[in-house]
Amino acid sequence: ENLIILCTIHQPSTKVYEGFDEIMLLSKGREAFNGPARDATSYFKSIGYPLPPRMNPAEHFLTLVNSDFSSHEEVDKILNAWEDRSASSSMHGKSQDDDQDKRRRSSGIHVASKSTTNEIANMFHRHFWLILRDPVPYQGRCIIFLFCVSLFSVVYWKARENVQSQALNKAWLSLWFVGIPSQMGVVAVYYQNDELKNIQAETKNGMIKATSYILAKSILTVPMIFLFGLFALGIPAFVIQGIPLSAFPGVYLTFCAVLYLFECTAEFFAIAFKEPIMGMLTFMAIWFASFLFGGFLIALEDMFWPFKLFYYTLSYSYYVRSITYSIFTSITWPVCIPEENPGQPVCVDSSDGKDVLDALSTMFYVSSSENRVAQDILSVLGMAFVWKALSIVAMLHATRKVAKIHPLTTSKSPVAMEQKQLTDELSVTKVEETNDEEAFIEALNPYFDKDDEIEVMC
C-alpha cells in the first residue's frame, strides 16, 4: 500500500528476512552492508564469505559481524571491505541512492528530495493532515468555542437589545467572547508538549531540522486562528446577539489577535516545561492575570506598581477597549433620559455610541470613546511575536540538547577495555588486563563523571 516500514531486528527467520526490500547490517557502530536484501548474499560471497547450504542468510551475516562468534580482526576486515567498496564503487553513494530511488518510484513510492525546501513542504503536508485527522488540537476547539460562546450569548439574551440599559451586559458579554476561547489554549500546551517529544527524537536522529518544523507549524497556525474566530464569533455574536456587521472587522481582528497571542504563549510553555502539567498551570496563571489586570475590574489609576506592568503587558485591556468601541459605535442607541431612569448604570441623552462608552467607562473602566482599535491590535500582535520568538529559541535549544557519545570498544579479554577519544585532547588510553573487578573500575574512574554508573560484565 505504498507504506515505508522501518524495522530493527536481530536474527530474523528466513521467511521474515525475505520480506525485506533493503537491509542495513551494523556492527561496532559501522556498516557491514547497506543495500537491497537480495544483493547481500552475492556481496558477502564476493569478499570470501559464501552462504553455507541450507543456512538462514540473516544468521550467516550476523555470525560474520558478531565478535562473539568471529574474531575482532575478521569483523574489522568485513567492515573495512564495505567501507572501501563504498568509497571506490559508490555503492553507498549517489549512484546507489539514485538506483534505490528509481526502484521506489517504479513501485509507486514517492521519493522526497533532501533539499530544505522539500523538507519544509513535507513538514507542512504532514502537519496539515494531522490537523485534519486529529480532532483534539484544532477541530475540537472549534466545536467547543462555538458551543461555549453560544451558551454565553443565550445567557445574555437580553443584551441583544440595543438599548442603554443593556450596555453593561453587552460589555461583559464581549469579554466572555474571548475569555473561554483564550482559556482553552491550555489544551495547546498539553498537545504541543507531547508533539515536542516526537520532534526532539526526529531532529536528534537527523530526520528533520527544527527550523523546518517551526516554519511549517507557524504558517499553519495562522489560518487556524482565523477559523477559531469564525466559530467563536460567527453565530454567537452576529447571529444570536445580532451585532451589526459593520462592527465585524474590528471585532474579528481584535479577537484573532488575542487568540494568536495566547496560542504563542501556550506554545512557549509547552516547550519550556518538560512536564505538561507545569506548563498548563503557568498558562492558566497568565490567563487569570490577564483577566484580573485587564482594567475592567479595577481602574488603571487604582493599581500600583508593579501591578500596572501587567495592565500594559497582558492583552485583555487592549481587547476590551477595542471590541467595546467596535460594537458600541456601530449601534444607533435610543436616547435615555437620566431623570426618567434613575439608578440605571448607563443612561445618556444621546444616541451616539461614543457618548454611551463615556458613560460606561465610569464602571467598566477600560472602555473608551477614543478609536484605538488599530493601535491595540498591533500592540497585541507585538506581544504575540515576543512569545513566538521565545518559543522558537526554546525549540531550537530543546532540539540541540544532545549528549556527546564517546566510542568504547572492548579487546579480546572479557575484562580488558580500550577507551578511545574521550575528548579531542585525550589520547588513546588502555586499561591493563586484570581479573580484579574493583581494581578495573578504579582504573576507569578518571574517565567518567563521579555520578556515572559503571557496570562490568565478565
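**A glycine, the cores and the surface**

Author: At 0% relative accessibility, Gly279 counts as buried. Please note that the model is predicted.

Reader: Where is Gly279 placed, and which residues does Gly279 touch, leaving out those up to four places away in sequence?

Author: Gly279 is placed in helix H12. Not counting residues up to four places away in sequence, Gly279 touches Val189, Phe269 and Phe273. The C-alpha atoms of Gly279 and Asn193 are separated by 8.6 Å, and these two residues are 86 residues apart along the chain.

Reader: Turning to the largest nonpolar core, how many residues does it have, and which have the most contacts inside it?

Author: The largest nonpolar core has 86 residues. Those with the most contacts inside it are Phe177, Leu233, Phe255, Phe296, Tyr316, Tyr319 and Phe328. Helix H11, residues 248–272, gives the most to this core, with 16 residues.

Reader: And what is Tyr316 in contact with, aside from its neighbours within four places in sequence?

Author: With those neighbours left aside, the contacts of Tyr316 include Leu175, Val178, Val258, Phe262, Trp287, Phe291 and Phe296. Gly179, Ser182, Ser290 and Gly294 are also among them.

Reader: Tyr316 has a ring. Which residues form one aromatic cluster with Tyr316?

Author: The cluster that holds Tyr316 is formed with Phe152, Trp172, Trp176, Phe262, Phe283, Trp287, Phe291, Phe296 and Phe364.

Reader: How many aromatic pairs does the structure hold?

Author: The structure holds 34 aromatic pairs. In one of these, the rings of Phe268 and Trp387 have their centres 5.6 Å apart and their planes at 55°, so the pair is tilted.

Reader: Why does the pair of Phe268 and Trp387 tie together separate parts of the sequence?

Author: Phe268 lies in helix H11 and Trp387 in helix H16, residues 373–398, so the pair ties together parts that are 119 residues apart in sequence. Phe268 counts as buried, at 18% relative accessibility.

Reader: What of Phe307 and Phe310?

Author: Phe307 and Phe310 form a tilted aromatic pair, at 6.4 Å centre to centre with 35° between the planes. Both lie in helix H13, three residues apart, about one turn of the helix.

Reader: A change of topic: which peptide bond is cis?

Author: The bond from Trp305 to Pro306 is cis, with omega near 10°. Pro306 has its place in the loop between helix H12 (276–292) and helix H13 (307–313). For context, most peptide bonds are trans, and most residues other than glycine have a negative phi.

Reader: Which phi value is noted for Arg54?

Author: Phi of Arg54 is near 55°, a positive value in a residue other than glycine. Arg54 is found in the loop between helix H2 (37–46) and helix H3 (57–65). Arg54 counts as exposed, at 86% relative accessibility.

Reader: Lastly, the surface. Which residues make the nonpolar patch of about 510 Å²?

Author: That patch is made by Phe124, Phe128, Trp129, Leu132, Leu215 and Ile219. Helix H6 (116–133) and helix H10 (210–240) are the elements that give two or more residues to the patch. H6 gives the most, with four residues. Phe124, found in helix H6, is partly exposed, with a relative accessible area of 33%.

How values were computed
Residues are numbered from 1 along each chain as its sequence is written. This is a predicted model: local features need pLDDT of at least 70, side-chain atom pairs count only at pLDDT 80 or more; totals for chains, interfaces and linings use all residues. Side-chain values use heavy atoms; hydrogens and water are left out. A nonpolar core is a set of buried Ala, Val, Leu, Ile, Met, Phe, Trp, Tyr and Cys residues joined through side-chain atoms within 4.5 Å. Buried means under 20% relative accessible area, exposed over 50%, partly exposed in between (1.4 Å probe, protein chains only). Contact means heavy atoms within 4.5 Å. Patches are made of residues with over 30% relative accessible area and no salt bridge: like charges are joined within 9 Å, nonpolar side chains (Val, Leu, Ile, Met, Phe, Trp, Tyr) within 5 Å. Accessible areas come from the Shrake-Rupley method with a 1.4 Å probe; for residues, only the protein chains shown count as cover. A salt bridge is a side-chain nitrogen of Lys or Arg within 4 Å of a carboxyl oxygen of Asp or Glu. Rings of Phe, Tyr and Trp (its six-membered ring) pair if their centres lie within 6.5 Å; planes under 30 degrees apart count as stacked, over 60 as edge-to-face and the rest as tilted.
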